[in-house]
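Please keep the sequence and the model at hand while reading.

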Amino acid sequence: MVAQANVSAPTTPNTSLGPLKQIDAGVLDVGYAEAGPSSGPTVILLHGWPYDIHSFVEVTPRLASVGYRVIIPYLRGYGTTSFLSSETFRNGQPAALTLDAIALMDALKIDSAIVAGFDWGARTADIVAALWPQRCRALVSVSGYLIGSREANKKPLPPAAELQWWYQFYFATERGGLGYRQYTRDFNKLIWQLASPKWQFDDATFDRTAASFDNPDHVNIVIHNYRWRLGLAQGESQYDELEQRLAKGPVITVPTITLEGDANGAFHLPASAYAGKFSGKYEHRVITGGIGHNLPQEAPQAFAQAILDVGLMSEE
(Lines give C-alpha, C1' and ligand atoms only; values in the text may rest on other atoms or scores of the structure.)
Protein backbone atom coordinates (compact mmCIF):
# COMPACT_ATOMS: atom_id res chain seq x y z
CA MET A 1 0.00 0.00 0.00
CA VAL A 2 1.16 3.52 -0.84
CA ALA A 3 -0.29 5.86 1.74
CA GLN A 4 0.96 9.26 0.56
CA ALA A 5 -1.74 11.61 -0.66
CA ASN A 6 0.43 13.63 -3.04
CA VAL A 7 3.49 13.21 -5.20
CA SER A 8 6.17 15.87 -5.11
CA ALA A 9 8.42 17.12 -7.88
CA PRO A 10 12.06 15.99 -7.93
CA THR A 11 14.51 18.66 -6.81
CA THR A 12 16.25 18.57 -10.21
CA PRO A 13 14.84 17.78 -13.66
CA ASN A 14 15.11 14.13 -14.65
CA THR A 15 16.47 13.30 -18.11
CA SER A 16 17.27 9.60 -17.81
CA LEU A 17 15.47 6.45 -16.71
CA GLY A 18 18.74 4.74 -15.86
CA PRO A 19 20.14 1.46 -17.17
CA LEU A 20 17.73 -0.58 -19.26
CA LYS A 21 16.84 -4.19 -18.59
CA GLN A 22 15.90 -6.91 -21.11
CA ILE A 23 13.60 -9.88 -20.69
CA ASP A 24 12.10 -12.45 -23.05
CA ALA A 25 8.33 -12.06 -23.03
CA GLY A 26 6.06 -13.70 -25.58
CA VAL A 27 7.46 -13.12 -29.07
CA LEU A 28 9.72 -10.29 -27.90
CA ASP A 29 12.94 -9.50 -26.11
CA VAL A 30 11.54 -6.50 -24.26
CA GLY A 31 13.67 -3.54 -23.28
CA TYR A 32 12.36 -1.74 -20.23
CA ALA A 33 13.30 0.63 -17.44
CA GLU A 34 12.48 -0.09 -13.82
CA ALA A 35 12.48 2.12 -10.75
CA GLY A 36 11.30 2.00 -7.15
CA PRO A 37 11.27 -0.82 -4.62
CA SER A 38 10.71 -4.31 -6.02
CA SER A 39 8.33 -5.01 -3.15
CA GLY A 40 6.11 -2.00 -3.90
CA PRO A 41 2.79 -2.04 -5.75
CA THR A 42 3.46 -2.15 -9.47
CA VAL A 43 2.52 0.41 -12.10
CA ILE A 44 3.15 -0.24 -15.80
CA LEU A 45 3.55 2.86 -17.98
CA LEU A 46 2.85 2.46 -21.71
CA HIS A 47 3.93 5.00 -24.32
CA GLY A 48 2.40 5.72 -27.70
CA TRP A 49 3.42 6.76 -31.21
CA PRO A 50 5.64 8.57 -31.99
CA TYR A 51 7.00 8.69 -28.47
CA ASP A 52 8.89 6.32 -26.19
CA ILE A 53 9.69 5.55 -22.55
CA HIS A 54 11.07 9.06 -22.03
CA SER A 55 7.51 10.37 -21.96
CA PHE A 56 7.61 9.08 -18.38
CA VAL A 57 11.03 10.43 -17.45
CA GLU A 58 9.56 12.89 -14.93
CA VAL A 59 6.65 10.68 -13.88
CA THR A 60 8.82 7.75 -12.84
CA PRO A 61 10.84 9.35 -10.00
CA ARG A 62 7.68 10.82 -8.55
CA LEU A 63 6.09 7.38 -8.29
CA ALA A 64 9.24 5.59 -7.19
CA SER A 65 9.75 8.12 -4.38
CA VAL A 66 6.42 7.16 -2.79
CA GLY A 67 7.03 3.42 -2.98
CA TYR A 68 5.79 2.26 -6.38
CA ARG A 69 7.60 -0.30 -8.47
CA VAL A 70 7.54 1.34 -11.91
CA ILE A 71 7.94 -0.66 -15.13
CA ILE A 72 8.31 1.27 -18.42
CA PRO A 73 8.67 -0.95 -21.52
CA TYR A 74 9.53 -0.04 -25.07
CA LEU A 75 6.69 -1.12 -27.35
CA ARG A 76 7.43 -3.52 -30.19
CA GLY A 77 9.26 -1.52 -32.85
CA TYR A 78 10.91 0.89 -30.41
CA GLY A 79 14.24 1.19 -28.65
CA THR A 80 15.82 -2.04 -27.48
CA THR A 81 12.71 -4.19 -27.83
CA SER A 82 13.22 -6.77 -30.57
CA PHE A 83 11.57 -9.88 -31.95
CA LEU A 84 12.99 -13.21 -30.85
CA SER A 85 12.53 -14.62 -34.35
CA SER A 86 13.16 -13.04 -37.72
CA GLU A 87 10.19 -15.09 -38.98
CA THR A 88 7.60 -13.39 -36.72
CA PHE A 89 5.22 -11.13 -38.60
CA ARG A 90 5.79 -7.47 -37.70
CA ASN A 91 2.23 -6.92 -36.56
CA GLY A 92 1.01 -3.58 -35.23
CA GLN A 93 -2.62 -4.48 -34.48
CA PRO A 94 -3.92 -3.57 -31.00
CA ALA A 95 -4.49 -7.16 -29.87
CA ALA A 96 -0.85 -8.03 -30.53
CA LEU A 97 0.38 -5.00 -28.59
CA THR A 98 -1.88 -5.87 -25.68
CA LEU A 99 -0.68 -9.45 -25.49
CA ASP A 100 2.85 -8.03 -25.40
CA ALA A 101 1.89 -6.25 -22.17
CA ILE A 102 0.34 -9.39 -20.69
CA ALA A 103 3.40 -11.45 -21.68
CA LEU A 104 5.67 -8.89 -19.98
CA MET A 105 3.63 -9.12 -16.79
CA ASP A 106 3.89 -12.91 -16.93
CA ALA A 107 7.64 -12.79 -17.51
CA LEU A 108 8.13 -10.41 -14.58
CA LYS A 109 5.73 -12.46 -12.44
CA ILE A 110 3.40 -9.49 -11.93
CA ASP A 111 -0.08 -10.75 -11.07
CA SER A 112 -1.78 -7.36 -11.09
CA ALA A 113 -0.72 -3.76 -11.66
CA ILE A 114 -2.01 -0.28 -12.21
CA VAL A 115 -1.75 0.18 -15.97
CA ALA A 116 -1.41 3.70 -17.35
CA GLY A 117 -0.71 5.14 -20.76
CA PHE A 118 -1.42 7.55 -23.58
CA ASP A 119 -1.99 7.19 -27.32
CA TRP A 120 -1.24 3.57 -28.34
CA GLY A 121 -0.32 2.93 -24.73
CA ALA A 122 -3.72 4.11 -23.49
CA ARG A 123 -5.44 1.82 -25.97
CA THR A 124 -3.37 -1.10 -24.73
CA ALA A 125 -4.09 -0.19 -21.11
CA ASP A 126 -7.81 0.06 -21.88
CA ILE A 127 -7.81 -3.41 -23.45
CA VAL A 128 -5.95 -4.96 -20.52
CA ALA A 129 -8.49 -3.39 -18.15
CA ALA A 130 -11.46 -4.50 -20.25
CA LEU A 131 -10.47 -8.09 -21.03
CA TRP A 132 -8.08 -8.95 -18.20
CA PRO A 133 -9.51 -7.03 -15.21
CA GLN A 134 -7.90 -9.53 -12.84
CA ARG A 135 -4.50 -8.29 -14.09
CA CYS A 136 -5.38 -4.59 -13.89
CA ARG A 137 -5.75 -3.17 -10.39
CA ALA A 138 -6.67 0.25 -11.78
CA LEU A 139 -6.39 2.29 -14.97
CA VAL A 140 -5.18 5.75 -16.00
CA SER A 141 -5.97 6.49 -19.63
CA VAL A 142 -5.24 9.69 -21.53
CA SER A 143 -8.09 10.57 -23.92
CA GLY A 144 -10.33 7.99 -22.31
CA TYR A 145 -11.76 4.90 -23.96
CA LEU A 146 -9.75 4.12 -27.10
CA ILE A 147 -10.96 0.59 -27.87
CA GLY A 148 -12.28 0.47 -31.40
CA SER A 149 -12.77 -1.81 -34.37
CA ARG A 150 -12.13 -1.89 -38.08
CA GLU A 151 -15.87 -1.96 -38.65
CA ALA A 152 -16.28 1.31 -36.75
CA ASN A 153 -13.35 2.78 -38.67
CA LYS A 154 -15.29 2.34 -41.91
CA LYS A 155 -17.63 5.13 -40.88
CA PRO A 156 -16.51 8.56 -42.11
CA LEU A 157 -15.97 11.42 -39.68
CA PRO A 158 -16.75 15.09 -40.26
CA PRO A 159 -14.11 16.73 -42.49
CA ALA A 160 -12.38 18.60 -39.68
CA ALA A 161 -11.93 15.34 -37.79
CA GLU A 162 -10.71 13.51 -40.88
CA LEU A 163 -8.10 16.23 -41.37
CA GLN A 164 -6.58 15.34 -37.99
CA TRP A 165 -6.05 11.79 -39.29
CA TRP A 166 -4.13 12.96 -42.38
CA TYR A 167 -1.13 10.78 -41.55
CA GLN A 168 -3.30 7.65 -41.42
CA PHE A 169 -4.35 8.21 -45.02
CA TYR A 170 -0.76 9.03 -46.01
CA PHE A 171 0.41 5.77 -44.47
CA ALA A 172 -2.22 3.92 -46.48
CA THR A 173 -0.26 4.63 -49.65
CA GLU A 174 3.01 3.18 -50.91
CA ARG A 175 4.34 6.73 -51.08
CA GLY A 176 3.47 7.19 -47.41
CA GLY A 177 5.28 4.05 -46.36
CA LEU A 178 8.37 5.09 -48.27
CA GLY A 179 8.11 8.64 -46.97
CA TYR A 180 7.88 7.57 -43.35
CA ARG A 181 10.92 5.32 -43.76
CA GLN A 182 12.95 8.09 -45.41
CA TYR A 183 11.91 10.92 -43.09
CA THR A 184 11.08 9.13 -39.82
CA ARG A 185 12.56 11.71 -37.46
CA ASP A 186 11.29 14.75 -39.39
CA PHE A 187 7.85 13.17 -39.64
CA ASN A 188 7.63 12.38 -35.96
CA LYS A 189 8.88 15.80 -34.92
CA LEU A 190 6.05 17.30 -36.98
CA ILE A 191 3.56 15.04 -35.21
CA TRP A 192 4.91 16.24 -31.84
CA GLN A 193 4.38 19.85 -32.93
CA LEU A 194 0.87 19.28 -34.28
CA ALA A 195 -0.30 17.10 -31.40
CA SER A 196 1.10 19.41 -28.71
CA PRO A 197 1.00 22.88 -30.29
CA LYS A 198 1.86 24.71 -27.05
CA TRP A 199 4.62 22.39 -25.85
CA GLN A 200 7.98 24.10 -26.30
CA PHE A 201 10.22 21.03 -26.29
CA ASP A 202 13.90 21.42 -27.16
CA ASP A 203 16.03 19.41 -29.58
CA ALA A 204 17.63 17.38 -26.79
CA THR A 205 14.22 16.23 -25.56
CA PHE A 206 13.14 15.12 -29.02
CA ASP A 207 16.48 13.52 -29.90
CA ARG A 208 16.44 11.45 -26.70
CA THR A 209 13.19 9.84 -27.84
CA ALA A 210 13.99 9.82 -31.56
CA ALA A 211 16.81 7.35 -31.00
CA SER A 212 14.13 4.72 -30.30
CA PHE A 213 12.78 5.11 -33.86
CA ASP A 214 16.02 3.60 -35.20
CA ASN A 215 14.67 0.17 -34.22
CA PRO A 216 14.70 -1.92 -37.44
CA ASP A 217 11.05 -2.92 -36.98
CA HIS A 218 9.73 0.56 -36.21
CA VAL A 219 8.49 1.57 -39.65
CA ASN A 220 6.88 -1.79 -40.37
CA ILE A 221 5.01 -1.80 -37.06
CA VAL A 222 3.72 1.77 -37.47
CA ILE A 223 2.62 1.34 -41.09
CA HIS A 224 0.91 -1.98 -40.35
CA ASN A 225 -0.95 -0.51 -37.38
CA TYR A 226 -2.57 2.26 -39.38
CA ARG A 227 -3.23 0.16 -42.47
CA TRP A 228 -4.78 -2.57 -40.31
CA ARG A 229 -7.13 -0.03 -38.74
CA LEU A 230 -8.45 0.93 -42.17
CA GLY A 231 -8.80 -2.68 -43.28
CA LEU A 232 -5.96 -2.31 -45.79
CA ALA A 233 -3.65 -4.86 -44.16
CA GLN A 234 -4.36 -8.27 -42.70
CA GLY A 235 -3.73 -9.15 -39.08
CA GLU A 236 -3.00 -12.61 -37.74
CA SER A 237 -5.68 -15.23 -37.23
CA GLN A 238 -4.69 -15.97 -33.63
CA TYR A 239 -5.99 -12.52 -32.69
CA ASP A 240 -9.36 -12.81 -34.44
CA GLU A 241 -11.36 -13.88 -31.39
CA LEU A 242 -9.80 -11.13 -29.31
CA GLU A 243 -10.53 -8.49 -31.92
CA GLN A 244 -14.13 -9.69 -32.15
CA ARG A 245 -14.54 -9.16 -28.40
CA LEU A 246 -12.98 -5.71 -28.66
CA ALA A 247 -15.27 -4.77 -31.55
CA LYS A 248 -18.22 -5.05 -29.15
CA GLY A 249 -16.82 -2.21 -27.05
CA PRO A 250 -16.46 -4.01 -23.70
CA VAL A 251 -17.16 -2.01 -20.55
CA ILE A 252 -14.24 -1.33 -18.19
CA THR A 253 -15.05 -2.20 -14.58
CA VAL A 254 -11.78 -1.40 -12.77
CA PRO A 255 -11.25 1.97 -10.99
CA THR A 256 -10.29 4.49 -13.66
CA ILE A 257 -9.13 8.07 -14.05
CA THR A 258 -9.17 9.47 -17.58
CA LEU A 259 -7.17 12.56 -18.45
CA GLU A 260 -7.22 15.13 -21.23
CA GLY A 261 -4.92 18.03 -21.95
CA ASP A 262 -6.58 21.34 -22.69
CA ALA A 263 -4.46 21.81 -25.84
CA ASN A 264 -4.46 18.30 -27.34
CA GLY A 265 -3.98 18.79 -31.06
CA ALA A 266 -4.62 15.14 -31.94
CA PHE A 267 -8.09 13.80 -32.60
CA HIS A 268 -9.93 12.96 -29.38
CA LEU A 269 -13.52 12.56 -28.32
CA PRO A 270 -15.17 14.61 -25.56
CA ALA A 271 -15.28 12.83 -22.22
CA SER A 272 -19.07 12.68 -22.44
CA ALA A 273 -18.74 10.32 -25.41
CA TYR A 274 -17.01 7.59 -23.42
CA ALA A 275 -17.88 8.11 -19.74
CA GLY A 276 -20.49 5.36 -19.98
CA LYS A 277 -17.81 2.83 -20.86
CA PHE A 278 -16.51 2.91 -17.28
CA SER A 279 -18.83 1.14 -14.84
CA GLY A 280 -16.57 1.17 -11.77
CA LYS A 281 -15.20 4.06 -9.76
CA TYR A 282 -14.47 6.73 -12.35
CA GLU A 283 -13.20 10.28 -12.63
CA HIS A 284 -12.25 12.50 -15.58
CA ARG A 285 -9.74 15.31 -15.29
CA VAL A 286 -8.87 18.08 -17.73
CA ILE A 287 -5.27 19.19 -17.29
CA THR A 288 -4.89 22.88 -18.03
CA GLY A 289 -1.92 25.04 -18.96
CA GLY A 290 -1.56 24.33 -22.68
CA ILE A 291 -1.12 20.58 -22.23
CA GLY A 292 -1.09 18.57 -25.44
CA HIS A 293 -1.15 14.95 -26.53
CA ASN A 294 2.00 13.77 -24.75
CA LEU A 295 0.41 14.44 -21.38
CA PRO A 296 2.79 12.44 -19.13
CA GLN A 297 5.81 14.38 -20.36
CA GLU A 298 4.06 17.75 -20.53
CA ALA A 299 2.25 17.42 -17.18
CA PRO A 300 4.13 14.77 -15.19
CA GLN A 301 2.86 15.95 -11.82
CA ALA A 302 -0.78 15.58 -12.91
CA PHE A 303 -0.17 12.19 -14.51
CA ALA A 304 1.67 10.82 -11.49
CA GLN A 305 -0.99 12.19 -9.15
CA ALA A 306 -3.71 10.42 -11.15
CA ILE A 307 -1.87 7.13 -10.71
CA LEU A 308 -1.54 7.67 -6.98
CA ASP A 309 -5.20 8.66 -6.68
CA VAL A 310 -6.53 5.75 -8.73
CA GLY A 311 -4.44 3.43 -6.58
CA LEU A 312 -6.18 4.77 -3.51
CA MET A 313 -9.54 4.37 -5.28
CA SER A 314 -8.74 0.69 -5.80
CA GLU A 315 -8.19 0.24 -2.06
CA GLU A 316 -11.45 1.83 -0.94
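Ser 196 is buried, with a relative accessible area of 1%; buried means under 20%, exposed over 50%, and partly exposed in between, with a 1.4 Å probe and protein chains only. The model is a predicted one, in which local features need pLDDT of at least 70 and side-chain atom pairs count only at pLDDT 80 or more, while totals for chains, interfaces and linings use all residues. Residues are numbered from 1 along each chain as its sequence is written, and side-chain values use heavy atoms, with hydrogens and water left out.

Ser 196 belongs to the loop between α7 and α8 (203–210); helices (H or I, at least four residues) and strands (E, at least two) are DSSP runs, numbered from the N terminus. Leaving aside residues up to four places away in sequence, Ser 196 touches Gly 292, His 293, Asn 294 and Glu 298, a contact being heavy atoms within 4.5 Å. With Glu 298, the side chain of Ser 196 makes a polar contact of 2.6 Å. Such a contact is a pair of N or O atoms within 3.5 Å; within protein, one must be able to donate a hydrogen and the other to accept it, and residues adjacent in sequence count only if both atoms are side-chain atoms. Val 66 is 130 residues from Ser 196 along the chain, and the C-alpha atoms of the two are separated by 29 Å.

## Salt bridges

Side chains of opposite charge can pair when their charged atoms come close. Where a side-chain nitrogen of Lys or Arg lies within 4 Å of a carboxyl oxygen of Asp or Glu, the pair is a salt bridge; the count comes to 14 salt bridges. Three of them are tabulated here.

| Glu 34 | Lys 21 | 3.0 Å |

Lys 21, Glu 34 and Arg 69 are linked in a network of salt bridges. Both Glu 34 and Arg 69 are buried, Glu 34 having a relative accessible area of 19%. Lys 21, by contrast, is partly exposed at 38% relative accessibility. In the remaining tabulated pair, Glu 283 is partly exposed, with a relative accessible area of 32%, whereas Arg 285 counts as buried at 18%.

## Aromatic rings

A pair of aromatic rings is described by the distance of the centres and the angle of the planes. Rings of Phe, Tyr and Trp (its six-membered ring) pair if their centres lie within 6.5 Å; planes under 30 degrees apart count as stacked, over 60 as edge-to-face and the rest as tilted. The whole structure holds 32 aromatic pairs. In one of them, the ring centres of Tyr 274 and Phe 278 are 6.4 Å apart and the planes stand at 80 degrees, so the pair is edge-to-face. Tyr 274 and Phe 278 are both buried. Elsewhere, ring pairs join residues into a cluster, among them Trp 49, Trp 120, Trp 166, Tyr 226 and Phe 267.

## A nonpolar surface patch

Which residues form a nonpolar patch on the surface? They are Leu 163, Trp 166, Leu 190 and Leu 194, with about 360 Å² of accessible area together. Patches are made of residues with over 30% relative accessible area and no salt bridge, like charges being joined within 9 Å and nonpolar side chains (Val, Leu, Ile, Met, Phe, Trp, Tyr) within 5 Å. Accessible areas come from the Shrake-Rupley method with a 1.4 Å probe; for residues, only the protein chains shown count as cover.

Leu 163 lies in helix α4 (residues 159–164) and is exposed, with a relative accessible area of 60%. Leu 190 lies in helix α7 (residues 184–195) and is partly exposed at 34%.

## Backbone features

Most residues other than glycine have a negative phi, and most peptide bonds are trans. A cis peptide bond joins Trp 49 and Pro 50, with omega about -5 degrees. Lys 109 has a positive phi of about 60 degrees and is exposed at 72% relative accessibility. Asp 119 also has a positive phi, near 55 degrees, but is buried, with a relative accessible area of 14%.
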